[in-house]
Amino acid sequence: MLATLSAAMLADTSGQALAHASAWAVFAVGAAMILTGAAGVILLRNPVHSALMLVVTLFGVALEFIDESADFLAAVQIIVYAGAVVILFLFVIMFLGVDRKEAIAAEPTKLQKPLAALMGLVVLVEILALSRVDHWASGAPAQSGVLNGPGDNVQKLGQAVYTGYLLPFEMTAALLVIAVVATVVLSKRSAGSPERSSQGDAELSGRAGDPEDSEVSL
Amino acid sequence: MSGDPLFANGLNLAVWVILVVKVVAVFAIVLLSVLFMIMYERKVIARLGVRYGPNRAGPNGWLQSLADGTKLLFKEAFTPKGADKVVYKIAPYLMLLPALIAFAIVPLGGHITIAHHTTELQLADPQWGILFLLMTSGVAVYGVMMAGWSSGSKYPLLGSVRASAQMVSYEAVLGLTTATAVLVTGSLHTSAIVAAQHGGFLYHWNIIHTAVIPFILFSVAITAEMTRAPFDLVEAEEEISGGYNLEYSSVDFAWFYLAEYAALITNSAIIITLWLGGPDGPRIAGHSIGPVWFIIKMLVVLYIFVWIRATLPRLRYDQLMDLGWKRMIPAALAMLMIIAGFQATTTTSGSGIAHYLAERKWGFLAIVASVLLYALLTRAIEVGKQATGLDDPTDAHHKVGGQI
């Protein structure tokens, strides 16, 4: 198959076949990354390994976004999720010293595994059914969301966010600020416990200053 | 505006070949620059310390880094007993990768025509352009974290925990100041950012267009991002004896060394692209010599980085966090709002100072608001310190700064 493909590429001067093969290769690599990462997250026993596999999945998703010309989403996917969220996961895992192998056999809830399997199956069937029924879930490059008129995808997204969707955008921002303030308030100890109340200022380093909290176990 | 003209006629085999040649060329440029940079830094730092520096291997010692590299390759590759083998082996490559690929978006000046195909003198010009930089600097921390954690000993782990907190903190400043540069350009394309600064040496550069402060914030933040002096707490020798790469030896350590300098090269190139006009400069005898100007600017910026390393002492951990969160992020945010305010000017007829102010009312309003909010923030920090008993410096630093 590869031989015929490369022969077709050489014969084809307009580059259609090559462009098609490139797009297909990008999709295949992205899909493989997503699936490998997803399987790794649930199958690996070490929490740090799971977190790293989650990063692989995020990169795969970013790759698919680029394939669908959603460049801004791809960039944000990496910057926010891979660059900050998973880093904080790892930070917490390493800091709290929970990076040992988990005993998966001991389940907190009896029904957890069968329920999870059932839900996974339902979702899979749903996706397959949608891909049969609806045109927008066909797996081909997006048809309903194709850009019209001049301007890049990023430009259009920016204009949409700051004009038509300004209110939702600002509300999301306000929500995040409220969440941050709430986190600070909740994590701040009451003045009654003297050894911890003095550390509200620099939260990260303050935690490290407490020998009980930052037990490093390797 | 719409990216590289190489892809204007679709993708065919010739385009592919040119693409591969460009990839290899950029790779070679970065690696050769690293070899040069290591010697440049050692020479300059030696001179700043009134020493000679390495002067034995090759002419004036310029082959020293090649000799050191060869020596490293032949050393024993050692893996600690408690190490997480797979992650331990992957980490050096993950460290190197972001530093190398970020150089792809740097425009080196103008266009070049190879076999009837015109292409930009830059590897990639995606429409999300400068976001690519934020992306690579965001994932650069993985190398450090994985190396520190997988080594299976405590000092590297402490180093990597420091690194993750530091790099995530300064990411925000990097993003906000980059947004300032994008705001005055109106495009994320690195080629467009450079084109907007073209013509008029210094006067049209973003460093002037954004009133210098964002440039300084960006440079400080990117220094912290690559954990270079004075922000090198990640590898503080006196405290954690080398940090995340403590257990590495041989070729794995060579990758870390390479990655550090590749990041320095790439980030200097990014600073030049965003703020210092990229390859912009006066023509010599009617010829545009963009790449030459680019190299000259690189030497200057790299010299300043070495100079800073030779001059400034390392920050304490609480100073690092204070500087990032309480000084630089508010300042970057304020500058973003001020620049945005001045971008939203209205042009009307009239003259006189009142008219001048009215045209730029949002800009001046943003300045006033920023000053007021900054005063409020300073007051809030003071009140917070008094309330938590952190106003006594000696006491506070024992509790906060000493441990991490």
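What distance separates the centres of domain 1 of chain B and domain 2 of chain B? Taken over C-alpha atoms, these centres lie 29 Å apart. The model is predicted, so local features need pLDDT of at least 70 and side-chain atom pairs count only at pLDDT 80 or more, while totals for chains, interfaces and linings use all residues. Residues are numbered from 1 along each chain as its sequence is written, chains are lettered from A and ligands numbered from 1 in the order in which they are written, and side-chain values use heavy atoms, without hydrogens and water.

**Domains**
- The domain assignment, automatic or from a database, gives domain 1 (70-107 + 125-343) and domain 2 (347-394) in chain B.
- Their contact (heavy atoms within 4.5 Å) takes 9 residues from domain 1 of chain B and 11 residues from domain 2 of chain B.

**Fold and dimensions**
- Chain B holds 15 helices and 2 strands, which are DSSP runs (helices H or I, at least four residues; strands E, at least two).
- The radius of gyration of chain B, 23 Å, is close to the 22 Å that the globule rule gives for 404 residues, so chain B is as compact as a globular protein of that length. This radius is taken over C-alpha atoms, and the rule is 2.2 Å times the number of residues to the power 0.38.
- The C-alpha trace of chain B spans about 75 × 70 × 45 Å along its principal axes.

**Burial**
- Of the 404 residues in chain B, 51% are buried, meaning under 20% relative accessible area (1.4 Å probe, protein chains only).

Technical notes. Buried means under 20% relative accessible area, exposed over 50%, partly exposed in between (1.4 Å probe, protein chains only).
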